[in-house]
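Open the model in your viewer and keep the selection panel at hand.

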Amino acid sequence: MRFKKQLDVLLKEAAETGAGTLKRTLGAGNLIALGIGAIIGAGLFVRTAAAAADHAGPSVTLAFILAAIGCGLAGLCYAEFAAMIPIAGSAYTYSYATMGEVVAWIIGWDLVLEYAVGAATVSIAWSEYLNKLLANFGMDIPYQFCHSPFQSSLQGVHGIINLPALFIIAVLSLVLIRGTQESAALNGIIVVVKVTIVVLFICLGWGFMKPINHTPYIPVNPGEVAFLHGQKSFLDYFAHDFGNFGWSGIISAAGVVFFAFIGFDAVSTAAQEAKNPKRDMPIGILVSLAICTVLYVLFGHVLTGVANYKEFAMAGKEASVAYTIETYMQNYHWLSLLVTIAILFGFSSVILVMLLGQSRVFFSMSKDGLIPPVFSAVHPKFKTPYKSNLVFLVFVGIFAAFVPGDIVGDMTSIGTLFAFALVCIGVMILRKSDPATPRPFRTPWVPVVPILGAIVCVLMMLGLGKDNWLRLVIWMAIGFVVYLGYSIKKSKIRLAIDPYVEKPYLTVPFLFAYLGAILMFLYELFDLKGLATEQHALWYWIAGVVIAFVVFYIVAFFVVLAVRYFKRVKA
C-alpha cells in the first residue's frame with residue numbers, strides 16, 4: 001500500500017497531449033462498438049455449447065445471467081474508475097491508485113492471460129472455422145499447416161504450424177499499428193455483421209424449438225442431491241460432483257461462459273484515446289454489456305431448444321451452431337454458411353480488441369517503469385505503441401502457431417475474474433482513501449455492489465476447477481520472478497519515494513510467503529479425495545496453508561538478510 005500512484009499524477013497523465021501520448025479519436029459510439037466487438041465472439045459461438053453439454057444443460061441461460069450479474073457489478077465499478085481515471089491500463093491502473101504497486105503488478109501480469117493468451121486461443125479457433133468455411137467451396141488447408149506440432153489427425157498426420165492463426169494475428173497487429181481510429185472503423189463493420197447474424201439465428205431458430213429439449217431445465221446432479229440430504233460431505237461433493245449439472249453446474253457453466261463476456265473491460269483500456277472519457281467510458285462499458293447479455297440469453301435459449309444439449313458433447317462443440325442448423329433447420333444451409341462467416345468476423349473482432357487491450361496495459365506499465373521502455377514507445381506518425389504491438393505479434397503468434405487451443409482452456413476466464421474481483425475491492429478502498437475526488441460516474445450502493453461483485457467473481461473462479469487454479473499460480477509465480485528481478489528496481493513510484501529501495505527484506509519474504517500458502521492450498525486441493533475421508537479435513541487444510549505461509553516467510557526473510565550481509569561485506 002505504501003507505493004501507490006497518486007490520483008493527481010494519474011489525472012495529469014490523462015490530460016497530457018502531444019509527443020509520446022496517444023491520440024484521442026474515439027467517441028461513445030466507437031466505445032460501444034469496441035465493447036460489443038470484444039464481447040460477441042468465441043464465447044457465444046463456442047462456449048455456449050460446451051457449457052450446456054458439460055455443466056448446465058438448458059439452464060446455460062441461467063449461467064449467462066449469473067455471469068452477466070458478475071460482469072454488471074464489476075462493470076459498475078469499472079465505469080467509476082474509467083470516468084474518474086481516464087487513462088490507459090484498465091484494472092492495472094485502477095489497482096495502482098488504490099491497492100499499491102504489488103497488487104497492480106499482479107493485475108497487470110494477470111491481464112496477459114486475458115488479452116494475449118486469450119487472443120492466441122481465439123486465433124486458433126479462427127483457423128478451425130476458416131477451414132470449415134473453405135470446405136463449403138471444396139477447398140481446405142492441409143492438416144499439417146493449420147495445426148500445432150502437438151496435434152495429429154485420425155489418419156496419423158502430424159501438425160507443423162498453424163499458419164491461419166499466425167496470419168490473422170499478424171494482420172490485426174498491423175492494423176493496430178496503423179492507428180486506433182482505423183481499427184475502430186474496421187471493428188464497427190465487424191460488429192454490425194455478426195450482431196445481424198446472431199439476431200437472424202434467434203428469430204429463425206425460435207420456430208424450430210422443441211419443449212422436450214428444455215426438460216428438465218436443470219438436469220439432476222446425484223452427488224448434489226446426496227450432499228443436500230446430508231449423505232455426502234462438502235469436500236467429497238466438491239471434489240467429485242461439483243459442476244456436473246444441478247445448481248453447481250450453473251455456477252461452473254457461468255465460469256465457462258464468462259469467456260463470452262470478456263471484452264467489456266477492454267473499453268476502459270482505451271480511455272486515453274476517448275474524446276470525452278468522463279462521459280463516454282461508462283456509456284461504452286455498460287451499454288455494450290447490456291446489449292450482449294440480452295443477445296446471449298436468447299441465443300442460449302434457442303440453441304438448446306432446437307437441439308438437445310447432450311448432442312453438443314458428441315457432435316463437436318465448436319461447430320455447434322452450424323450443426324444445429326444443418327441437422328434441425330432444413331433448407332437453411334445459407335444460414336449455416338452465414339453463421340460460419342459471422343463466427344470468423346466475431347473471432348477477428350475479439351482478437352483485435354484483445355491485442356489492443358494488451359498493448360495499452362503494457363504501455364501503462366512501461367510508463368511506470370515496471371517493464372522495459374520498449375512497450376511505451378509511440379510511433380511518431382500513427383501515435384500508437386507500435387513496438388509493443390510487434391512484441392506481442394511475436395509472443396501471441398508463437399502461441400497461436402505452435403500450441404493447441406485446449407492447453408490454455410479456461411485460463412483466460414480465471415485470470416480475468418481475478419482482475420475483476422480486485423477492481424471491485426478497489427472501488428471501496430478509493431472511496432475511503434480519496435472521498436473528495438470528483439466522480440463523474442459513481443458506482444451505486446457502495447459497498448453492497450462491490451462486495452457482491454467480488455463474491456460472484458470468486459464463485460465463478462471456484463467453478464473453473466483446480467487445474468486452472470494451478471495454471472494461474474504458476475503464471476503468477478513467473479510474474480513475481482520478473483517483478484523481483486526487474487520491476488522492483490526500476491519502478492518510478494518506488495524510486496521517487498525511496499531512491500535506495502532499502503526494504504526488500506520486508507517485501508520479498510511476504511511475496512514468497514503468499515506464494516507458499518497458495519501452493520499448499522493447491523496441493524491440498526489435488527488431494528481432496530484423501531481429505532474428504534478425514535474427520536477434521538477443513539481444519540487440516542487451513543492449518544496447512546497457515547504453516548506454509550509462516551515457513552516460507554521465515555526462510556525467505558533469512559535468505560534476504562544473508563544476501564544483504566554478504567553484499568555489505570563485499571562492498
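The structure holds 0 disulfides, a disulfide being a pair of cysteine sulfur atoms within 2.5 Å. This is a predicted model, so local features need pLDDT of at least 70, side-chain atom pairs count only at pLDDT 80 or more, and totals for chains, interfaces and linings use all residues. Residues are numbered from 1 along each chain as its sequence is written, and side-chain values use heavy atoms, with hydrogens and water left out.

Select Cys77. Its nearest cysteine sulfur belongs to Cys424, 4.0 Å away.

**The α6 and α14 pair**

Next, select residues 101-135, helix α6, and residues 333-367, helix α14. Helices here are DSSP runs (H or I, at least four residues), numbered from the N terminus. The axes, lines fitted to C-alpha atoms over the stretch in contact, come within 8 Å and cross at roughly 155° between N-to-C directions, on a scale from 0 to 180 degrees. The two helices are therefore roughly antiparallel (over 145 degrees). Now colour the contact by residue type: 25 nonpolar, 7 polar and 1 charged.

**Into the core**

Finally, show Ile40, Tyr296 and Phe299. These have the most contacts inside the largest nonpolar core, which has 146 residues. Such a core is a set of buried Ala, Val, Leu, Ile, Met, Phe, Trp, Tyr and Cys residues joined through side-chain atoms within 4.5 Å. Return to α6: this helix supplies the largest share of the core, 21 residues.

Notes: Buried < 20%, exposed > 50% of the residue type's maximum accessible area, 1.4 Å probe, protein only. Parallel < 35°, antiparallel > 145°, perpendicular 65-115°, else oblique. Nonpolar A, V, L, I, M, F, W, Y, C, P; charged D, E, K, R; others polar.
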